[in-house]
Amino acid sequence: MTAISDPAADAAAARARLLELIKELAVVRGKVILSSGAEADYYIDLRRITLHHEASKLVGQVMLSLLADAGIDFECAGGLTMGADPVGTAVMHAAVEAGRPVDAFVVRKAQKSYGMGRQVEGPSVVGRRVLVLEDTSTTGGSALAAVEGVRKAGGNVVAVAVIVDRDTGAKEKIEAEAGVPYLFAFGKGELGLS
């Protein structure tokens with residue numbers, strides 16, 4: 001006899017477990033300089049999550065659930081290399097597991113000057129609904145660079161989504177400059193950070 005799964009309960013359990021793992025593995029306290037140049041009293045090292053054997057799968061499930069709840073329809077997911085790479089892969093795998101084809105892609109910081117000269121690597125984004133991902137965002141700079149690269153490559157960016165929002169203005173900046181919704185799975189308050 002096979003038990004019938006409750007998707008809402010499964011999503012809530014995945015979210016609760018991922019939050020637990022982020023608090024345990026990714027929140028590092030102490031003075032650090034962020035990629036934006038800003039100084040902070042803590043660092044959220046989400047590669048400790050996105051590359052973790054258990055947490056990576058949860059990242060895909062939680063992000064897919066977040067986007068479904070928001071009604072965001074997309075065909076491709078990815079962002080600026082390197083923070084977004086494992087997030088895009090996790091979303092791709094979770095989508096395939098859910099019976100939905102989603103391709104992942106990687107946006108280089110600059111267009112290659114050799115080979116095919118592309119800035120966006122992976123399956124083509126031309127004419128497709130594209131979700132830009134990031135692990136976390138402080139100023140929104142990485143996500144905006146990815147949005148610009150995807151648009152130059154012919155993709156239609158439908159939203160930006162991050163695992164953790166640091167509540168430092170990225171949402172407002174991205175929504176104003178990119179003109180798309182900005183979603184996040186967890187706010188810094190949920191991580192016990194002020």
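Which residues does Asp 135 touch, not counting residues up to four places away in sequence? They are Leu 46, Arg 47, Gly 83, Val 87, Val 162, Ile 163 and Val 164, where contact means heavy atoms within 4.5 Å. This is a predicted model, in which local features need pLDDT of at least 70, side-chain atom pairs count only at pLDDT 80 or more, and totals for chains, interfaces and linings use all residues. Residues are numbered from 1 along each chain as its sequence is written, and side-chain values use heavy atoms, with hydrogens and water left out.

Helices (H or I, at least four residues) and strands (E, at least two) are DSSP runs, numbered from the N terminus.

**The six-stranded sheet**

- The open sheet has six strands in the order β5-β4-β3-β6-β7-β8, and its pairing is mixed; two strands pair if DSSP finds at least two bridges between them.
- The edges belong to β5 (120-121) and β8 (182-187), each with a single partner strand, so one side of each has no neighbour in the sheet.
- Over at β8, the pairing with β7 is parallel and runs over five bridges.
- Within that part of the sheet, Asp 165 sits opposite Gly 187 of β8.
- Asp 135, from the opening question, is in strand β6.
- Asp 135 counts as buried because its relative accessibility is 6%; buried means under 20% relative accessible area, exposed over 50%, and partly exposed in between, with a 1.4 Å probe and protein chains only.

**Helices on the sheet**

- α3 lies across β6, β7 and β8, and it runs at about 130 degrees to β8.
- Angles like this one run from 0 to 180 degrees between N-to-C directions, and axes are lines fitted to C-alpha atoms, for helices over the stretch in contact.
- Helix α6 (residues 170-178) packs on the sheet too, touching β6, β7 and β8, with its direction at about 170 degrees to that of β8.

**α3 meets α4**

- The axes of helix α3 (residues 55-69) and helix α4 (residues 85-97) come within 8 Å of each other and cross at roughly 70 degrees.
- On the α3 side, the contact uses Ser 56, Lys 57, Val 59, Gly 60, Gln 61, Met 63 and Leu 64, while α4 brings Val 87, Ala 90, Val 91, Ala 94, Ala 95 and Glu 97.
- Sorted by class, this contact has eight nonpolar, three polar and two charged residues; Ala, Val, Leu, Ile, Met, Phe, Trp, Tyr, Cys and Pro count as nonpolar, Asp, Glu, Lys and Arg as charged, and the others, Gly among them, as polar.

**More on α4**

- With 13 residues, α4 reaches 19 Å from its first C-alpha to its last, close to the 18 Å expected at 1.5 Å a residue; the expected span is 1.5 Å times one less than the number of residues.
- The buried set in α4 is Pro 86, Val 87, Gly 88, Ala 90, Val 91, Ala 94 and Ala 95.
- Those buried residues pack against α2 (47-50), α3, β3 (76-80), β4 (103-107), β6 (129-137) and β7 (156-165).
- Just past the end of α4, Gly 99 has a positive phi of about 80 degrees.

- Buried in α1 are Ala 14, Leu 18, Leu 19, Leu 21, Ile 22 and Ala 26, and the buried residues of α1 pack against β1, β2, α2, α3, β7 and β8.
- Strands β1 (residues 27-33) and β2 (residues 39-44) pair in the antiparallel sense over five bridges.
- Along this pair, Val 28 has Tyr 43 of β2 as its bridge partner, and Val 32 stands opposite Ala 40 of β2.
- β1 and β2 make a hairpin with five residues between them, and Gly 37 in the turn has a positive phi of about 95 degrees.

- Ile 33, in strand β1, counts as exposed because its relative accessibility is 58%.
- Leaving aside neighbours within four places in sequence, Ile 33 is in contact with Ala 38 and Glu 39.
- Leu 144 lies in helix α5 (residues 141-152) and counts as buried, at 14% relative accessibility.
- With neighbours within four places in sequence set aside, Leu 144 is in contact with Lys 173, Ile 174, Glu 177 and Ala 178.
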